[in-house]
Amino acid sequence: MGYTADELPGKGIDVLLSVASRIYFQTHIFPLVTLHGSASALYATIQTQQRQPVPVLLNAVRREHEGQQVIYISFIPVHQRRLYEKEILDAKKAAEDALLRNDELLTLQQQLEQHQTEQDRQLSQLQQRNNELEQFSKVITHDLQEPLRKINVFAGLLANEQPGALTSMGYSALAGISKASNRLRMLVSDLQLYFTLTSQRSDIESVDLQIIMQELIAQYTTTGVTFNLTSLPVVMGNRESLTSLFRHLLDNAVKFRKMDDNLTVVRISGTVVGHNSFRTNPDKYRYVDYARITISDNGIGFDNHQREEIFRILKKLHPHTPGMGLGLAVSKKIAEWHNGQISAESAVGKGTKITVLLPIA
Amino acid sequence: MLTTPPLATSQTIVDRYNVTVSGRGTQPMLFAHGFGCDQSMWRFVAPAFENDYRVICFDYIGHGRTRLNAYNRERYASLHGYAQDVLDICQALDLHNIVFVGHSVSSMIGMLAAIKEPDRFSNLVMVSPSPRYLNDDGYVGGFEREDVEELIETMDGNFFGWATSTAPAIMANGDRPELGAELGATFCHTDIEVALHFARVTFLGDNRQDLPKLQTPSLIIQTREDIIAPVAVGDYMAKHTPNSTLHVIDATGHCPHMSAPQETIDAINQYLHQPH
């Protein structure tokens, strides 16, 4: 090995090993010998004092010596044998690779065919659904609005009658008709908004969430409410709809605050996490960077069991608050349209945390 | 209709990752093994926490007694796939307020998991961590790309060796109870293809940009001499990880939880008992 007798005592085993064999020793041989007591016929590469590599076969055994655990290792140089085995291994590897590639190709081909059939089916279904939605939208915009408009006109005519033309019961019924038809008109227009939200072609650009959030905070800052914003990332998306997404979230945080003397604090923070971009295919993985934005408040909160249903359309947990129960449904729709996700966690009396995941690119 | 991935039941996850639970405490302490071995590497350290914690150990797919059919090359082409394993286990066992203890590359895996779901974790204990093993433009990780290629060659060359020294004796042995002892004596079993892929993902990866994102308080356990994660790397970790505590313990090598278990246990206890 080229060492003199007094050069090695006191040194660690690493000094004798090649760099790669040091890693191998620390990650494989040492744990194995410690747990199993011995290891046999393992390859490694040692190096001479002049840093010449020597392929060796090693046996190792752990023994107790004067109260200490000692590992004894014996090396046998195997220059020729290593070369032959390497040839065998290379040949084996080449054969395996070819086989694996062949197998992989066959599997991929099968998967592709399956996906094509599935995709075609999904596409037809989506087209059908799209047609239905278009019909629905027409029904809403025209067929439903028209009778509503007429109800309003007739209610207006009645209201303009000579004073005393109706009984007091008649006037209060008239006011009721007017209020109900206004509510219905708002509902119809919100529903239309929800269903047409993402069917228009939208422009994708790089959107700085920090700027969007600063603008929204300026709009929502009011007495008793503080916003605490730490830096948010830039994502690729549709500026208008992302603004709408976060507007709904801030709106909720302010709307569902505690109406007591305590200051309402809304914390908004963002970080970048690795997340699988495949959403529906269970065996596909591609980890890409996502912005994770959390908006947490100390508001009235809700029962955490309802954390999923709050995103359903027209779902209102608090019947007497303003709004139609569309805000979170719209937010979810926008997040998913961006290939993102939204989730909520809450505790009654403590507050709510909304987490939004949006792909960075 | 789009298909949604089937929800894995808690038992599926327990079987998939060979999850073992012990201990009399309530707060979970989750141990994750490093590259090259399996959960048996925690056997000198984990029992010390059974009085005060719910101790949970597991094997990554392709390690220990896990079944290979759950292996997915795409999922494990990134440490994020391994971090998802940790999060899947946390979800299946409904774990919260977790003390996560990871060795070597599992420190990075735990870190990615804690960045993704910070609310689940109370503390991270990183044993011999490194965010980057390769030297890179002024950063000293300790290794060159050629070293990693040679490591992979060494591992590949030892495939025959492994087959004789560490393959688990899986056989029906109801009539030969002495074989049960043999079964219990197999350690660090690793599937070669999984190990080679894991080696590349581990040693060619770079998690330096993730360190500042970690908000969970962490302990970095560093030994005096570790050729895989040298003291300078421990210093780098501590400098770039917020809320981290560096503890250089009186031990050498990359596996202090095996070579100096008491020092490792003391370091973890000291850290967990100090006020944060």
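How many residues of chain A are in contact with chain B, and with how many residues of chain B?

1. The contact between the chains. In this predicted model, 37 residues of chain A are in contact with 45 residues of chain B. On the side of chain A that touches chain B, at least two residues each are supplied by α1 (19-36), β1 (38-47), α2 (79-159) and β7 (264-276) of chain A. The largest share of that side, 15 residues, comes from α1(A). Sorted by class, the side of chain A that touches chain B has 18 nonpolar, 14 polar and five charged residues.

2. Confidence. The predictor gives the complex an ipTM of 0.81 together with a pTM of 0.79. For chain B the mean pLDDT is 87, and 87% of the residues of chain B reach 70 or more. Two stretches of chain B should be read with this in view: pLDDT stays under 50 over residues 1-6 of chain B, for which the model has six contacts beyond four places in sequence, and pLDDT also stays under 50 over residues 161-185 of chain B, for which the model has 27 contacts beyond four places in sequence.

3. Domains of chain A. The domain assignment of chain A gives domain 1 (13-77), domain 2 (124-196) and domain 3 (205-359). Between the C-alpha centres of domain 1 of chain A and domain 2 of chain A the separation is 84 Å. A separation between two single residues can be set beside this: the C-alpha atoms of K316(A) and Q49(A), which are 267 residues apart along the chain, are separated by 77 Å. K316(A) itself lies in the loop between β8 (287-297) and α6 of chain A, and K316(A) is partly exposed because 15 other C-beta atoms lie within 10 Å.

4. The three-stranded sheet of chain A. An open sheet of three strands in chain A has the order β1-β2-β3, with antiparallel pairing. Its edge strands are β1 and β3 (68-77) of chain A, each of which pairs on one side only, and neighbouring strands of this sheet are turned by 35° against each other on average, direction ignored. β1(A) and strand β2 (residues 53-65) of chain A run antiparallel and are joined by eight bridges, and within this pairing V54(A) in β2(A) is the bridge partner of I46(A).

5. The five-stranded sheet of chain A. Another open sheet in chain A is formed by five strands in the order β5-β7-β8-β10-β9, and its pairing is mixed. The edge strands are β5 (225-229) and β9 (341-347) of chain A, each pairing on one side only, while neighbouring strands of this sheet are turned by 20° against each other on average, direction ignored. Seven bridges link β9(A) to strand β10 (residues 351-359) of chain A in the antiparallel sense, with E345(A) standing opposite K353(A) in β10(A). Helix α6 (residues 327-337) of chain A lies across β9 and β10 of chain A and runs at about 140° to β9(A).

6. Overall make-up of chain B. The secondary structure of chain B comes to 10 helices and seven strands. Of the 276 residues of chain B, 47% count as buried. Among the contacts in chain B with a separation of 6 or more, 74% are accounted for by residues 24 or more positions apart.

7. Strand β4 of chain B. Why can β4(B) be called largely enclosed? Six of the six residues of strand β4 (residues 98-103) of chain B are buried, so β4(B) is largely enclosed by the rest of the structure. I98(B), F100(B) and G102(B) point one way from β4(B), V99(B), V101(B) and H103(B) point the other way, and all are buried. In a regular strand the side chains alternate between the two faces of the sheet. Strand β2 (residues 28-32) of chain B runs parallel to β4(B) and is joined to β4(B) by four bridges, in which L30(B) has F100(B) as its bridge partner. Strand β5 (residues 121-127) of chain B also pairs with β4(B) in the parallel sense, over six bridges, and there F100(B) stands opposite L124(B).

8. A buried valine in chain B. V55(B) lies in strand β3 (residues 54-58) of chain B, and V55(B) counts as buried because it has 25 C-beta neighbours inside 10 Å. Leaving aside neighbours within four places in sequence, V55(B) is in contact with S22(B), G23(B), M29(B), A46(B), F49(B) and E50(B).

Terms used. Residues numbered from 1 in each chain as written. Chains lettered and ligands numbered in written order. Predicted model: local features only at pLDDT ≥ 70, side-chain atom pairs only at ≥ 80, totals over all residues. Pairing = 2+ DSSP bridges. Axes fitted to C-alpha atoms, helices over the stretch in contact; angles between N-to-C directions. Contact = placed C-beta atoms within 7 Å. Nonpolar A, V, L, I, M, F, W, Y, C, P; charged D, E, K, R; others polar. pLDDT = per-residue confidence, 0-100. Buried ≥ 20, exposed ≤ 12 C-beta atoms within 10 Å, placed from the backbone. Domains from an automatic or database assignment.
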